[in-house]
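Open the model in your viewer and keep the selection tool ready. Each stop below tells you what to select and what you will find there.

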Amino acid sequence: MARVEPVRAHVPTVRVAPSILSADFGDLAGAVGRIAPGTDWLPVDVMDGHFVPNLTVGPPVVASLRAHSSLFFDTHLMLSEPGRYLEAFRDAGADGCTVHVEVGETAALIGRMRELGVRVGLAANPDTPFEALEPFLDRVDLVLCMTVFPGFGGQTFIADVMDKVARVHEAALAGGLTLDIEVDGGIDERTVVAAARAGANVFVAGSAVFGREDPLDAVRGILRAAAGRRTGATP
Ligand code: DX5
């Protein structure tokens with residue numbers, strides 16, 4: 001009788017993603033180059049001063065940075081009208097785009113990102129419930145559970161979000177989904193442990209990396225703190 005192979009759940013890579021929002025914008029390529037040995041993933045925070053109360057970068061900055069880095073560009077679009085800019089970010093060199101479920105039109109935005117061939121991410125603010133994300137879990141590659149209200153670096157981690165992270169993780173396991181679960185906001189060597197235990201695998205960290213004397217060492221320290229703490233992680 002043939003041996004039945006057990007169904008192996010997808011084990012996503014645990015990675016620390018340094019948020020350039022806390023980097024020296026006057027030396028962005030240099031700042032990114034210094035942390036590159038510690039990661040393969042770069043979150044780019046795009047803010048429109050409308051969906052969030054801050055203004056950051058657009059496609060031209062992504063295009064310039066692209067010329068200096070081969071990291072995976074995870075563009076987090078904190079925009080009220082992300083659909084207007086998806087193609088421009090793709091053309092600028094974005095590998096992944098993440099839109100917020102709060103802006104609506106989610107199915108259409110996911111379809112457009114698929115058409116454009118970028119990796120598809122869906123984000124939720126801390127006070128947005130799991131139920132808002134649930135209908136889309138099997139149509140995206142990444143779910144971003146914000147652990148601060150977006151707009152600024154250096155804010156305090158909202159631990160209450162961990163319930164939502166755990167529900168996304170359980171749903172991904174139950175559905176056999178290949179899904180990255182990302183958290184962003186107030187992540188450091190201490191808070192990353194709770195996020196990993198809840199089931200997250202991508203940890204965005206800004207001030208806990210670029211606010212440190214040695215950003216590369218900080219990335220590695222957060223990764224050490226996370227590794228092996230992830231629920232379902234194979235020891
Ligand atoms: C906030 C941004 C975050 C921020 C994280 O809206 O989306 O990526 O840069 O910064 P820290 O890690 O300092 O909270």
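**Before you start**

This is a predicted model: local features need pLDDT of at least 70, side-chain atom pairs count only at pLDDT 80 or more, and totals for chains, interfaces and linings use all residues. Residues are numbered from 1 along each chain as its sequence is written, and side-chain values use heavy atoms, with hydrogens and water left out.

**Stop 1: the ligand**

Select the ligand. It sits in the largest cavity. A cavity is found on a 1 Å grid over the protein atoms alone, as a set of points where a 1.4 Å probe fits but cannot get out. To sit in a cavity, a molecule must have more than half of its atoms within 2 Å of the grid points.

Now show the surroundings. How many residues surround the ligand? There are 19, and the closest are Gly151, Gly154, Asp184, Gly206 and Ser207. Strands are DSSP runs of E, at least two residues long; helices are runs of H or I, at least four residues long; both are numbered from the N terminus.

For glycine 154, a backbone N or O atom lies 2.8 Å from an oxygen atom of the ligand. Glycine 186 has a backbone N or O atom at 2.8 Å from a ligand oxygen. Glycine 206 also places a backbone N or O atom 2.8 Å from an oxygen atom of the ligand. Taken alone, the ligand exposes 380 Å², and the protein buries 100% of that. Such areas come from the Shrake-Rupley method with a 1.4 Å probe.

**Stop 2: helix 7**

Select residues 191–198. This is helix 7, and six of its eight residues are buried. Buried means under 20% relative accessible area, exposed over 50%, and partly exposed in between (1.4 Å probe, protein chains only). Which residues of helix 7 are buried? They are Thr191, Val192, Val193, Ala195, Ala196 and Ala198. They pack against helix 6 (162–175), strand 7 (180–184), strand 8 (202–205) and helix 9 (215–226). Glycine 199 follows the helix, with a positive phi near 120 degrees.

Zoom in on threonine 191, in helix 7. Its relative accessible area is 4%. Not counting residues up to four places away in sequence, threonine 191 touches Phe157 and Gly186. Touching means heavy atoms within 4.5 Å. The side chain of threonine 191 reaches the backbone oxygen of glycine 186 at 2.8 Å. Such a polar contact is a pair of N or O atoms within 3.5 Å; within protein, one must be able to donate a hydrogen and the other to accept it, and residues adjacent in sequence count only if both atoms are side-chain atoms.

**Stop 3: aspartate 180**

Move to aspartate 180, in strand 7. Is this residue buried or exposed? Aspartate 180 counts as buried because its relative accessibility is 5%. Its contacts include Arg15, Trp41, Arg119 and Asp141.

**Stop 4: two other residues**

Select glutamate 105, in the loop between strand 4 (96–100) and helix 4 (106–116). It is exposed, at 63% relative accessible area. Its phi is positive, about 50 degrees, although it is not a glycine.

Finish at threonine 13, in the segment before strand 1 (15–18). Threonine 13 is partly exposed, at 45%.

Key:
Near = heavy atom within 4 Å. 1 Å grid on protein atoms, 1.4 Å probe; cavity = no way out; pocket = protein on both sides within 12 Å on 5 of 7 lines; lining within 4 Å.
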